[in-house]
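Work through the exercises below with the sequence and the model side by side. Try each task before reading its solution.

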Amino acid sequence: MTGLEESVFLGGLAALPLLLALYFWRRRSRPREVGALFLWDEPVNAARSGTRFAPHLPPASFLLEALIVLLLVLAAASPFLMRKSSYPPLALIVDVSSSMDAAPPGGKSPRRAGEEHAEKILKRVSPRRVIRIAAGVTPRLIADDSEAFPFDSFGKSSARASDLAGAVALARTLAKHAEILVVTDHAPEFPLSDDVSWFSAGKKLGNTALVNVRCTEEELLAESMNLSGEPRRVRLVPEPGTPGEFFTLAPGERRKSVIPLSPAMRAKGVSVLLECDGDPLPADNRAVLLPETRPPLTWRISSALPEKAKRDLRKVLSANPAFSAAPSNAPELVFSLPGKRRNADGKAHCLFWHIPEPGRAVVTSDPLSVLAGNELTRGLSVQDLRWSADPALILPGRVLIRQGRSELLSIVSRADGKHELHLNLDPAKSNPARRPFWPVFFWNLASILRRERPGTEYANYRAGATVRVRTSDPVPAQIRVTHPGGKTATLPLVRRSAFFLPEEPGIYRIDAGEGARCGIAVTNLDADESDLRNAAPFRKSATRLSDAPGSPRLNLTFAFLLAALALLMLHQSLYGKGKRA
Amino acid sequence: MNGLLARTLHQALARASGVELASPRTVSGIEGRRVGRRSGNALEFAEYRDYRPGDDPRRLDWGVYARTGQLTVKLYSEEVDPRCDLLLDHSASMAAGSEAKAPAAFALCALLAQAAVNGGFSLAVWHAGETLTREPVPGHPGEWSGISFDAARNPGELLSESALRFQSRGIRIVVSDFLWAEEPGAFLRRIADGAMRVALVEVLSREDLSPSGSGNALLRDPESGEVRELEVTEGVISRYRQRLEAHRALWERAAAGYGALRISMCAEELLARWDLSELFRCGILK
């Protein structure tokens, strides 16, 4: 039977003591003076022997009336009977953010308390369809079945945030009429509907944490923060075995530490640790990173280009560390005239420089327009540019820069994942190579092309961020990812790329084909998540369940009303006017 | 004296106008049970009757015996001093349960006192409160002192403990509700001892006669302070009525045994109509 979670019932239940109090008040003994007490009935004397305390039983009429009131309250709750198999599914949403493991010394974590509570709920009605959703940065469906399951299936509490509102929305998408139970460590931040239960066993605790780490090829940036109300003495250890750096963090202080990477750290990666006594959440005191090593882009300039063009290119490439210092025989980027590319350069990105024929190049007074939103044109300044180009030339692909009707720069993305850029520019009569436009454009170009090498774009990611893995050529049959815990997953390919969302912090090994084996480090640090002062206990039970279509409910309201009526008649027949008590 | 008492007293005294207490005219040597101590100051022949054991042999008419051989007693009508003792119950039960009972008893007592004065009686008024006290101005009910009904003791207790001396050979009238649990014989014995006539005027309220109400009640005896919690139902009230009737019957029998008159009056009806026909019928008033 259920329906007793209805607000009407709870209200009625709350009113029951009031009703009983009113009843007692109405039935209270009124003092009355009589002339001859000896003429009235003697009370029934308790036996002189036997139990010392004789229980005081209220009169049977009272018990009968109290029972009638209780039955009426139960009837008002619209109770109903439902077969277990007809119960609406239970969507169990477990917050898997790292703060769920926070516990004072010897105490129980919110995750553990939530698991115990959920087990009780599940035992109450079983078997039942249970939808399990792990609420991390992105809500994830774990399973949808009616079998008993271990809570380990939700995975570790390691996400850097939890999207509980998204998880509730996902649950509603999966089962419209589900009863939803959210297990977390804080009070709800959005209004709860009647069919949502909320269980939080979080406690306000002081914490010290690493809230941000970054790693370049040379240095490590680590930000430590004291998220408590008292000063904390901590030790930052960037490399195991080293003494590290001691310092004291004032309450609320956030301190940045920049540490040069040693050769060993560059080779193996960085494991930074923030030590503090009595820390309730060890997970946010450790982070593993990999150096962001990104080799410079190799290039080659076609000899067919005019000298002025070659000179402008060499000048800008040599000034940009993202490009190799010297031309390469296996270039990743080739600068050439259109149609003059060597076969060996077929697997490289190309910049085709269209040199206008003499007399065809013109400089117009039309304004230059740059296509916004493209990474290649980001930060490009076209002020004071004198762009001499062939106005009749039609560039292939997507035009990024144009002047009037003249197309000046376009990009073509080839099927093999390479790019072709087409530049319509007379180097002799133009000045972009002498303006900020030129180095910024090549900086953007290097940045894009280096990221589009096989493998991942970066070496370090935050948990919950989308990781794109580009395949090498030839495209492998599958991309395999080995998680920090040793679990291996195969990723589906979408146009030479695969995507996945790492939630667990640690080192992921990725095999994306020959020449595309790499690793990424994932961290789950987040100042908001580490701030355990926001944790709070909160409990709410669903007060109403949706009427699932097809779930037969036997309404018991009439049964309770009939029972109350029968008792009322019995009461009248026993204690009505003119009857003896 | 509160307003209600004063008002009822005024009504009672108005009703007493032209009413006298009746003088008892009886014969000496009544019924052989008790012998009168004194013969009175005026003797008038009344009748003869056969001698019965216990009769004063001095009253035998030897002449009749000589003529007939029958022992015959000569009876005289005995003219006694017109004396009256009025005893008013001031116990707290007189004020319990009804506002009319105490004023009615007080007013009735005042009416009888005024009737006694009207009849030329030597009047003594006794207040049975915490102690038995004699009223210094019995002939002026409006000036009676200490009129309150809150005593914790009933007249039965007081009479058994005190060495009270009523006027001899007089009329003794007790105005009370007679609602005490002790056996009435001892009380009547003290009252009737040396009395020419005893009248018990029972004043009960309607609430005493037929209690109303229902539900839980915390009954309290104002004299003893004893409390009793009961759920008042029809059945409980019915049993109360039965016990009250048994109690009154006990007093009726005891009063008959001592030759006492017993008159019962309802306080509310008395105050409403001042109907004294019962007192006239019994010969208390004339």
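**Exercise 1. Find what joins the side chains of R112(A) and E116(A), and say where the two residues lie.**

Step 1. The side chains of R112(A) and E116(A) meet in a salt bridge at 3.6 Å, N to O, a salt bridge being a side-chain nitrogen of Lys or Arg within 4 Å of a carboxyl oxygen of Asp or Glu.
Step 2. Both residues belong to helix α3 of chain A, where they are 4 residues apart, about one turn of the helix; helices (H or I, at least four residues) and strands (E, at least two) are DSSP runs, numbered from the N terminus.
Step 3. R112(A) is partly exposed, with a relative accessible area of 36%, and E116(A), at 28%, also counts as partly exposed; buried means under 20% relative accessible area, exposed over 50%, and partly exposed in between, with a 1.4 Å probe and protein chains only.

This is a predicted model, in which local features need pLDDT of at least 70 and side-chain atom pairs count only at pLDDT 80 or more, while totals for chains, interfaces and linings use all residues. Residues are numbered from 1 along each chain as its sequence is written, chains are lettered from A and ligands numbered from 1 in the order in which they are written, and side-chain values use heavy atoms, with hydrogens and water left out.

**Exercise 2. Describe the salt bridge of E307(A) with K310(A), then that of R470(A) with E457(A).**

Step 1. E307(A) and K310(A) meet through their side chains at 3.1 Å, N to O, and both are in helix α6 (residues 307–318) of chain A, 3 residues apart, about one turn of the helix.
Step 2. K310(A) is buried, its relative accessible area being 8%.
Step 3. In the salt bridge of R470(A) with E457(A), the closest N and O atoms are 3.5 Å apart.
Step 4. This pair links distant parts of the chain, 13 residues apart, with R470(A) in strand β24 (residues 467–470) and E457(A) in the loop between β22 (455–456) and β23 (460–462) of chain A.
Step 5. Over all chains, the count comes to 38 salt bridges.

**Exercise 3. Where does S97(A) lie, and is its side chain's residue buried or exposed?**

Step 1. S97(A) is in the loop between β3 and α3 (110–124) of chain A.
Step 2. With a relative accessible area of 1%, S97(A) is buried.
Step 3. Its side chain makes a polar contact of 2.6 Å with the side chain of E529(A); a polar contact is a pair of N or O atoms within 3.5 Å, where within protein one must be able to donate a hydrogen and the other to accept it, and residues adjacent in sequence count only if both atoms are side-chain atoms.

**Exercise 4. Which residues of helix α4 (residues 164–174) of chain A are buried, and what do they pack against?**

Step 1. The buried residues are L164(A), A167(A), V168(A) and A171(A).
Step 2. They lie on the same side of α4(A), because they cover an arc of only 100 degrees around the axis, taken from the directions from the helix axis to the C-beta atoms.
Step 3. These buried residues pack against β3 (90–95), β4 (130–135), β5 (139–145), β6 (179–184) and β7 (196–201) of chain A.
Step 4. At the N-terminal end, D163(A) caps α4(A), a side-chain oxygen lying 2.9 Å from the backbone nitrogen of G166(A).

Terms used: Contact means heavy atoms within 4.5 Å.
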